[in-house]
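Please consult the sequence and the structure while reading.

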Amino acid sequence: MEKYREYKELAQKIRADAVMMTNLRHSGHVGSSLSMADLLPVIYGPVLRFDAKNPDWPGRDRFLLSKGHAAAALYSVLAEKGFFPQEWLKTYYCDDGRFSGHISHHVPGVEFSTGSLGHGLPVAVGMALAAKQQNKTHRIFVLVSDGDCNEGSTWEAVMFAGQHKFDNLIVIVDYNRVQALGKSKDVIDMEPLAQKIEDFGWAVREINGHDFGEIESTLLDIPFAKGRPSFVIARTVKGKGIASMENTVGSHYACVPDDELAAVYRELGATDA
Ligand SMILES: [Mg+2]
């Protein structure tokens with residue numbers, strides 16, 4: 001674990017920030033931020049090519065958060081990487097604040113505003129097509145949710161990208177098997193997801209989305225196959241890090257109440273946020 005100390009510390013910060021930010025105005029989606037908190041330190045570590053001081057650098061890799069309701073987690077890592085000051089995080093969901101509840105491209109480092117599900121991947125496919133047509137070498141990453149995988153627009157994009165061999169496109173599913181209105185298997189069961197995606201011409205890997213070694217080795221091995229888009233099913237736990245929230249539908253639109261904050265920060269191993 002020592003090897004991954006930096007990842008672990010950043011994941012702790014992301015979780016503490018998400019708890020703090022969603023508590024500010026008693027908003028929601030803390031469980032959705034916690035489940036992807038171990039993916040972001042690796043993505044924004046050795047994987048993604050970016051320049052925080054020049055967010056629009058044309059050669060950057062693009063990262064789209066299709067599950068835009070988990071904005072708090074992404075804002076936390078963008079602050080840590082220097083896209084904007086940490087203090088901005090304390091304006092989340094606040095009147096006249098810089099951050100709306102869902103992700104916004106008006107924030108430095110954010111490529112595209114999302115919130116309604118099923119939008120991230122189609123846009124990413126357009127970006128992948130444009131990069132291919134212009135002989136650009138940057139890659140396009142999209143982090144999607146269980147709910148995203150239910151959307152028809154997502155499947156149109158999956159078909160198109162597979163047929164046109166967009167090996168510059170990478171989807172990562174925060175596969176916590178819980179979504180806004182219930183357990184995913186009860187809403188629309190996506191299984192066998194890997195088989196379905198492979199049938200459309202993608203290369204698929206399944207990993208433990210909380211194991212830094214697996215996340216790192218997998219994301220550094222992109223593209224998984226020449227001429228195929230890459231698809232990572234990261235098996236995660238909704239609400240990961242707060243025992244009372246883990247694997248619960250209730251953690252989707254929830255925050256940590258004021259009187260539980262101190263105990264939760266201790267549980268997360270964070271001194272404050
Ligand atoms: Mg989910």
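Predicted model: local features only at pLDDT ≥ 70, side-chain atom pairs only at ≥ 80, totals over all residues.

Q: How are α1 and α4 oriented to each other?
A: The axes of helix α1 (residues 5-24) and helix α4 (residues 71-80) come within 8 Å and cross at roughly 125°. Angles over 145 degrees count as roughly antiparallel and 65 to 115 as roughly perpendicular, with those under 35 taken as roughly parallel and the rest as oblique. The two helices α1 and α4 are therefore oblique to each other.

Q: What is the handedness of the crossing in which α1 passes α4?
A: The axes of the two helices come within 8 Å. As α1 passes α4, the crossing is right-handed.

Q: How are α1 and α10 oriented to each other?
A: The axes of α1 and helix α10 (residues 261-268) come within 10 Å and cross at roughly 165°. An angle over 145 degrees counts as roughly antiparallel. Therefore α1 and α10 are, relative to each other, roughly antiparallel.

Q: Which residues of α10 make the contact with α1?
A: The crossing of α1 and α10 is right-handed. From α1, the contact is made by Q12, R15, A16, V19 and N23. The residues of this contact divide into 6 nonpolar, 2 polar and 1 charged. From α10, the contact is made by L261, V264, Y265 and L268.

Definitions and conventions
Residues numbered from 1 in each chain as written. Axes fitted to C-alpha atoms, helices over the stretch in contact; angles between N-to-C directions. Helix = DSSP H or I, 4+ residues; strand = E, 2+ residues; numbered from the N terminus. Left-handed = near helix turned anticlockwise from the far one by under 90°. Contact = placed C-beta atoms within 7 Å. Nonpolar A, V, L, I, M, F, W, Y, C, P; charged D, E, K, R; others polar.
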